[in-house]
Each structure stands twice: as structure tokens, then as C-alpha cells.
Amino acid sequence: MVAAGEHWVRRRFVRCSFTGSDLRGLRTEACTFDECDFSRADLGDSQHRGTALRTCSFTGVTLLGAEFRGCSLMGSSLLGARLRPITFADCDLTLVALGRADLRKTDLSGLRLREANLVETDLREADLSGADLSGARLRDTRLEGADLRGARIDADGLVQARLTGATVDAGTAVRFAVAHGLVIG
């Protein structure tokens, strides 16, 4: 499929295949994609506003320069996707699979990343201030130099992620200390 540069408004797609499609520069507004397959598609420079992309597969997709504003990617898989640079603003990435993704220096502030798979994801120097990482899997996640002020992170995440040089607030520092066995007195 070639839909490069098209503008879709309030369209609904269920279990559709966009595998290998040229969707570069696509603009969507208030669209819904449920269980769709975007594997190996080119969504570079695309813009999405208020669009739901739920339980979709983005395996090996190109999202360079893409923007997601007010979108939900709940339950979607972005494994092996090319993501940088990318913009997420006021998005819900609950249950998203981003394992091994390269999101260095990306602004993910305020995002909902509850129960997301961030195993081995590179988030060095990323802005995760105010993000909700409750229940996120953070084994070997690179958070060196990241801004985690106001972020919600479970004790498991504080133990499993690499946090050297990360900026945290006092509450997170105390939770980090307790998670590592210190007794606060």
C-alpha cells in the first residue's frame, strides 16, 4: 500500500495489514487501529493526533521523525523499530513492548509507560520526568543520565535498571536506597 502524505480523519481499521507499506508523511486524526500489522512499514515523518493504535505490531518499522500527540499505543509492539528522532506527547504506552529500543535523549516526560517492556532499552539522557513506569520491566534498561524527577518507578525497576548519573527527586532516592537494602533511620 502507498499512502504517503495522505490525511486520514476518523477512520477505523481492525486486523488490517500495512506490512511493508509506504506511509511516509501520513497524517492521522482520531483514527483507530486495532490489532493491525505495520511490520517493516515506513511511517517516517508521519503525524498522529488523538489516534489509537492498540495491540498493533510495528516490528522493524521506520518511525524516524514521527510525532504522536494524545495517542494510545496500548499493548503494541515496537520491537526492532527505528525510532530516533521521535516525538511522544501526552501518550499512553501502557503494555507497549519497546525492548532493546534506542530512545537516547528522547523526551518521554509525562508518558504512561505502565507495565511496558523496556528490557535492555537505551534511555540514556532521556527525559522521563513525571512518567508513570509502574510495573514496567526495566531489566538492564540504560537510564544513565536520564531525568527521572517525579517519575513513578517500582522497587524492582530501581534495582534492575542502570541508573548511574540519573537525576531523581528525594522520594525516588529514598526508594532507591530501600530497594538496595539500606535502612533509612
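Helices (H or I, at least four residues) and strands (E, at least two) are DSSP runs, numbered from the N terminus. This is a predicted model, in which local features need pLDDT of at least 70 and side-chain atom pairs count only at pLDDT 80 or more, while totals for chains, interfaces and linings use all residues. Residues are numbered from 1 along each chain as its sequence is written, and side-chain values use heavy atoms, with hydrogens and water left out.

View 1. Pro 85 belongs to the loop that links strand E7 (67-69) and strand E8 (87-89). Most peptide bonds are trans.

**View 2. Ala 30 has a positive phi.** Its value is about 55 degrees, although Ala 30 is not a glycine. The residue sits in the loop between strand E3 (27-29) and strand E4 (32-34). Ala 30 is partly exposed at 40% relative accessibility; buried means under 20% relative accessible area, exposed over 50%, and partly exposed in between (1.4 Å probe, protein chains only).

**View 3. Asp 90 also has a positive phi, near 50 degrees.** Asp 90 is found in the loop between E8 and strand E9 (132-133). With a relative accessible area of 53%, Asp 90 is exposed. Most residues other than glycine have a negative phi.

**View 4. Five strands make up an open parallel sheet.** Their order is E1-E3-E5-E7-E8, where two strands pair if DSSP finds at least two bridges between them. Strand E1 (7-9) and E8 are at the edges with a single partner strand each, so one side of each has no neighbour in the sheet. On average, neighbouring strands of this sheet are turned by 5 degrees against each other, direction ignored; axes are lines fitted to C-alpha atoms, for helices over the stretch in contact, and angles run from 0 to 180 degrees between N-to-C directions.

**View 5. E1 and E3 run parallel and are joined by three bridges.** Within this pair, Trp 8 stands opposite Thr 28 in E3.

**View 6. The count of disulfides is zero.** A disulfide is a pair of cysteine sulfur atoms within 2.5 Å. For Cys 16 the closest cysteine sulfur is that of Cys 36, at 4.7 Å, which is too far for a bond. Cys 16 is partly exposed at 26% relative accessibility. The sulfur of Cys 91 has its closest cysteine sulfur in Cys 71, at 4.9 Å, again too far for a bond. Cys 91 is buried, with a relative accessible area of 0%.
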